[in-house]
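Here are some short notes to read beside the model. Please keep the sequence open as you go.

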Amino acid sequence: MMQKFINLCNDNQGFIMIVLTAIYVLATISIYRANRKSTKIMEKSLLASEDSASAMYDNIDLDQFIQNQNARIQLFNLRIEVYKKIEKILKEALSYDHVRISAVFITLSNIREDIYFLFGDDISSYYVELENNISIIKQKLDDKTSDEFQESANWILSQIEGKNVRDVFNKYLNLKNYGALR
């Protein structure tokens, strides 16, 4: 029986090769399809993980943005407090009262560090100019007709009435710089 099978295979070896090649081709096609499905599933999984990572980074960016905005709001609030103190100092300096001007110097010394840390060099220079003019007024309080007293008093008055103080602080207190107004 085995001899018959071997003779049959020898007689039909071309046909058997065709059948075996067909089986090989079908197996290769099925392997190709299975790999293709597997690749598509991996691509979907990869895209989903990228979207998830992107969403995570978007949340981190949003959190960072919110923290930055909160810091800017706090900075604005601190700066506006100092500005209001400067306005009050200017008004008090024009009182020409020894006690009130002494209190002005205490307030000035209390905000010196705030000005240094919260503002640029232009406000620090303005602070020095303000301190010098108030010092002259304090020194010459008993001689209000002196040129130095008049110049310092006029400078302080121009800060209030001419709104020069507002112009000096504008770049730090303009809400457009904080993204609040467009």
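1. First, a term. Buried means under 20% relative accessible area, exposed means over 50%, and partly exposed lies in between (1.4 Å probe, protein chains only). By that rule Asp122 is partly exposed, because its relative accessible area is 33%.

2. This is a predicted model: local features need pLDDT of at least 70, side-chain atom pairs count only at pLDDT 80 or more, and totals for chains, interfaces and linings use all residues. Residues are numbered from 1 along each chain as its sequence is written, and side-chain values use heavy atoms, with hydrogens and water left out.

3. The structure holds four salt bridges (a side-chain nitrogen of Lys or Arg within 4 Å of a carboxyl oxygen of Asp or Glu). One of them joins Lys171 to Asp122, with the closest N and O atoms 3.4 Å apart. This pair links distant parts of the chain: Lys171 sits in helix 6 and Asp122 in helix 4, 49 residues apart. Helices here are DSSP runs (H or I, at least four residues), numbered from the N terminus.

4. Arg112 forms a salt bridge with Glu131, the closest N and O atoms being 2.8 Å apart. Again distant parts of the chain are linked: Arg112 is in helix 3 (residues 98–118) and Glu131 in helix 4 (residues 121–139), 19 residues apart. Arg112 is partly exposed, at 37% relative accessibility.

5. Look at helix 6 (residues 164–173). Which of its residues are buried? They are Val165, Phe169, Tyr172 and Leu173.

Definitions and conventions. Helix = DSSP H or I, 4+ residues; strand = E, 2+ residues; numbered from the N terminus.
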